[in-house]
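Q: I have a structure open and would like to go through it with you. Could we take it piece by piece?

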Amino acid sequence: MRVAAAGVNFRDTLVCLGILRADHLGWEVAGTVAETGPGVAGTRAGDQVMAFTGQNGGYASTVEVDHRYVFPIPRGWTFAQAASVTVAFVTAYHALHDLAGVRRGDKVLVHAAAGGVGAAAVQLLRACGAEVYATASPAKHDLVAAEGVPPGRIADSRSLEFEPRLREASGGTGFDVVLGSLAGEFVDASLRLVRQGGRYVEMGARDVRDSDEVAARHPGVAYHAFRLLDHPPQTFRRAFAALLPMFEEGILRPPPAQRWGVRYARQALRRLSQGRTAGKAILALPRELASDGTVLVTGGTGALGGLLAGHLAAAHRVRHLLLVSRRGAEAPGAEDLRRRLASLGASVSFAACDTADRASLAAVLASVPSAHPLTAVVHAAGALDDGLFAEMTPERLDTVLRAKTDAAVNLHELTRDLDLRAFVLYSSLVGVTGAPGQSAYAAANAFLDALAHHRRQLGLPAVSIAWGYWREETSLTARLGTTDWARVARQGFAPMAAEQALSGFDAAVELDRPAVVVTALRELGREASELLSDLPRPTRRGAAVDSENDDDTDLAALLGKPAGERLEALSELVRTHAAAILGHSGPGDVRPDQPFPQAGFDSLASVELRTRLANAVGARVAATALLDHPTPVSLARHLDTVLGGAAEPRSTAAQPESFVATVLTAWRDGDEARARRLLDAAARQRPAGGLPAPAWQRLTSAPAPLRMVCVPPIITSDVASPYDRLAADLEGSGELWTARLPGFLENEPVPRSLADLCETWARALPGDPAEPLFLLGHSSGGLLAHCLAEVLRQQGTTVRGLVLLDSVSPAAAPDSVVRETLGRLARAAAALSPAALTAFHRYERLLNDWSLAPSKAPVLFVHPHDSRLHDLWPGQRDAHAVSGTHLSMIEEHAPETARAIRHWLGRQRPAA
């Protein structure tokens with residue numbers, strides 16, 4: 001026989017401890033017949049059987065067995081279940097029926113009723129109508145009660161108190177039969193519980209008594225002790241003739257099994273010797289993925305699924321692959337994958353299936369041919385919807401959990417009765433270490449790890465591989481930019497080459513543990529994961545990648561510096577931490593005046609920088625700090641204010657107020673006329689015309705069926721893109737592009753007119769001209785997008801749709817919008833330059849002088865619930881209300897705004 005699983009019995013522990021002498025370990029196995037000798041009838045090579053190995057032992061890859069001890073495995077049983085019944089049920093049957101002659105109504109005490117033989121005895125006794133009493137360790141009483149023994153009839157097997165307790169429970173009559181497996185005074189107490197005319201059957205080997213001595217001490221008690229090894233095949237065949245029909249009919253069932261890989265036999269035997277197992281301990285032997293069986297891979301047409309399929313065909317000689325994905329054979333690259341696998345000798349079937357849909361998955365499993373039954377499952381599918389924890393919604397959670405957890409549960413429940421050789425779950429390192437912005441993904445993968453443990457407790461194969469980062473680009477890693485990879489490196493992890501990762505797959509499966517992390521490590525800095533704390537760290541000091549971890553900023557020395565030096569030091573601090581987050585070598589790589597989004601900061605990087613700076617200066621830094629102070633130098637000024645504005649006393653002499661402060665103060669105080677006179681005078685000095693070509697920035701990375709140009713509002717045009725958060729939620733719905741409006745930097749010309757601006761942009765649109773074009777604009781950016789759409793129409797370029805986000809001209813803005821806008825400007829005063837403020841004024845004048853006409857393109861107008869700006873917009877449009885305010889609808893409320901846009905885009909159909 002080729003052994004798939006071997007049962008572990010208490011006798012094996014006694015042999016290991018030297019209490020019993022024997023030349024072998026293991027009595028019972030389950031597996032496949034490899035070969036038969038002459039004269040063997042009824043059993044053929046390839047049959048799946050369970051067997052009693054006797055003196056030949058069972059802890060081996062192959063064993064020779066007397067065919068008279070070989071029996072068929074009941075329908076629907078796994079090898080682990082089959083390996084758990086031979087010794088336990090034959091021992092219990094022989095003791096109860098052959099020796100004790102148990103009859104209906106007999107009172108029977110079963111010692112160690114939570115163990116293999118004890119649990120089998122309880123089932124047999126309940127099947128024949130006996131009255132069952134039991135002992136077990138207190139921790140296992142619930143398990144015994146779950147088998148149908150009333151709690152009042154269960155006592156502690158480790159205390160002699162079981163004698164008076166069970167005598168009372170039996171009504172003082174004692175027992176007709178006692179099944180013993182204890183030793184010493186526990187046996188004496190048990191014999192005293194046997195009524196006259198009763199039978200005591202000893203199943204253990206530690207304290208075997210002489211039957212005549214027992215009869216002399218306990219008149220009327222028949223004592224039987226036996227060793228299963230001493231009994232002929234007829235004992236087994238007689239027992240199985242009665243047992244197999246009851247197994248097939250479900251009257252009897254295999255005990256709960258605890259599965260151990262054979263390499264962990266020492267631990268299994270030790271736990272059994274200490275009484276710390278419940279049910280049956282099973283050793284699983286390594287099994288190759290059968291070449292004649294089918295291996296199912298979810299996510300099979302994806303990058304990682306395709307790599308694994310090739311590895312299974314080449315390294316494991318798997319010849320039948322069922323690759324499941326949402327699009328099946330229609331997935332990009334599926335036909336090339338089929339040809340590649342065919343060249344490796346594998347036949348491939350593709351199935352289009354949502355594995356989270358139980359009925360659809362059941363249909364796919366039912367299609368597996370009986371000639372090549374399912375032998376292994378690899379769940380490699382997954383989905384992402386990253387975002388800060390506070391931004392999670394049920395819908396976003398469902399996107400991630402459905403692909404990972406719902407599908408995994410369906411695979412588990414629909415295959416649990418199949419004899420799988422492997423059940424592999426593709427988990428993630430994120431579920432072990434956590435990662436910024438991936439709370440849902442971490443939860444989904446932690447569930448997979450737990451499911452693997454659960455299956456192992458059920459005696460089923462399972463390993464959850466918590467993958468680190470693959471160098472191979474996938475749909476899950478394509479979103480990672482330079483900042484993300486820098487964060488990964490600081491945590492101590494490195495990307496794995498495909499060959500390295502697939503070797504890790506083999507090692508994880510061979511290791512036979514429920515959950516395994518497979519990752520590449522790099523030199524560890526102080527910011528590496530705590531899980532790697534036992535690994536060595538370098539003692540040298542590096543540049544920003546090391547120095548970003550210094551939490552020992554000398555605040556007293558910092559506050560004691562003169563104002564100019566203090567601001568310079570704070571600027572250096574900000575740029576040092578920013579460089580570390582972006583993966584640069586040092587602060588010199590970060591410009592003091594460069595807006596953070598232009599430098600590469602997304603929302604997660606912004607949160608990380610805020611947290612680092614708060615820890616460094618020992619003060620709270622507001623969540624909106626990087627929005628309100630969008631450059632390193634302006635953020636440094638803000639930190640200076642947070643720290644108390646400096647320890648150095650300010651001069652009592654009046655300080656000259658800057659142009660920006662003067663204008664904003666006049667505006668704040670309600671002196672709008674003065675503010676406009678100042679701006680008009682300064683704006684006339686700005687050069688106009690000769691605009692530079694726009695420097696387009698792509699805000700999304702995933703392939704998408706359309707392109708969308710996002711025109712920024714004039715209030716935020718000194719920042720690279722106010723649409724970063726919105727774009728993250730529109731990933732996959734469109735290729736989003738944006739550019740900075742000209743004129744907001746020193747010596748940069750402003751447009752002569754709106755037509756001047758729009759014609760410049762129209763000449764250099766980004767993206768593939770063949771893709772449908774949509775325009776988007778928030779606030780005043782909506783008017784600029786509307787103007788651009790009209791210029792493009794006049795030039796013969798079709799705009800498929802116009803998305804307006806609470807759009808309004810400055811002159812028509814309600815007081816609530818003006819107050820919110822001025823508040824944002826006031827908070828950003830440190831970052832505003834005279835160029836930015838005068839450009840803002842120039843665009844304001846141009847927009848107020850422009851006459852708005854109905855758009856020829858379809859229009860979606862998204863607005864906050866309390867806004868009525870959509871009523872001011874001319875022409876037909878679809879209106880949709882969302883949560884938030886004029887500004888927050890593209891910031892903290894961006895996910896809801898994005899959902900409205902996605903829904904509308906889904907209804908737009910490009911013309912043929």
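Q: Is Val517 buried, exposed or partly exposed?

A: Val517 is partly exposed, with a relative accessible area of 40%; buried means under 20% relative accessible area, exposed means over 50%, and partly exposed is in between, using a 1.4 Å probe and protein chains only. Please keep in mind that this is a predicted model, in which local features need pLDDT of at least 70 and side-chain atom pairs count only at pLDDT 80 or more, while totals for chains, interfaces and linings use all residues. Residues are numbered from 1 along each chain as its sequence is written, and side-chain values use heavy atoms, with hydrogens and water left out.

Q: What covers the buried residues of H16?

A: The cover includes strand S20 (515-518), along with strand S11 (257-261), helix H14 (394-415) and strand S17 (422-428), among others. The buried residues of H16 include Tyr441, Leu448 and Arg455.

Q: How many residues does H16 have, and how far does it reach?

A: Helix H16 (residues 439-457) has 19 residues and reaches 27 Å from its first C-alpha to its last, close to the 27 Å expected, where the expected span is 1.5 Å times one less than the number of residues. After H16 comes Gly459, whose phi is positive, near 80°.

Q: Changing topic, how many salt bridges are there in the whole structure?

A: A search of the whole structure finds 30 salt bridges, each being a side-chain nitrogen of Lys or Arg within 4 Å of a carboxyl oxygen of Asp or Glu. One of them pairs Glu28 with Lys280, whose closest N and O atoms are 2.6 Å apart. Glu28 lies in strand S2 and Lys280 in strand S12 (residues 280-284), so the pair ties together parts that are 252 residues apart in sequence.

Q: Are Glu28 and Lys280 buried or exposed?

A: Glu28 counts as buried at 0% relative accessibility, and Lys280 is buried too, with a relative accessible area of 3%.

Q: What about Glu163 and Arg167, where do they lie?

A: Both lie in helix H6 (residues 162-169), four residues apart, about one turn of the helix. The salt bridge between Glu163 and Arg167 has its closest N and O atoms 3.6 Å apart.

Q: Last one: how many helices and strands does the chain have, and how spread out is it?

A: The chain has 33 helices and 28 strands. Its radius of gyration is 38 Å, well over the 29 Å that the globule rule gives for 912 residues, so the chain is more spread out than a compact globule; that radius is taken over C-alpha atoms, and the rule is 2.2 Å times the number of residues to the power 0.38.

Conventions: Helices (H or I, at least four residues) and strands (E, at least two) are DSSP runs, numbered from the N terminus. Contact means heavy atoms within 4.5 Å.
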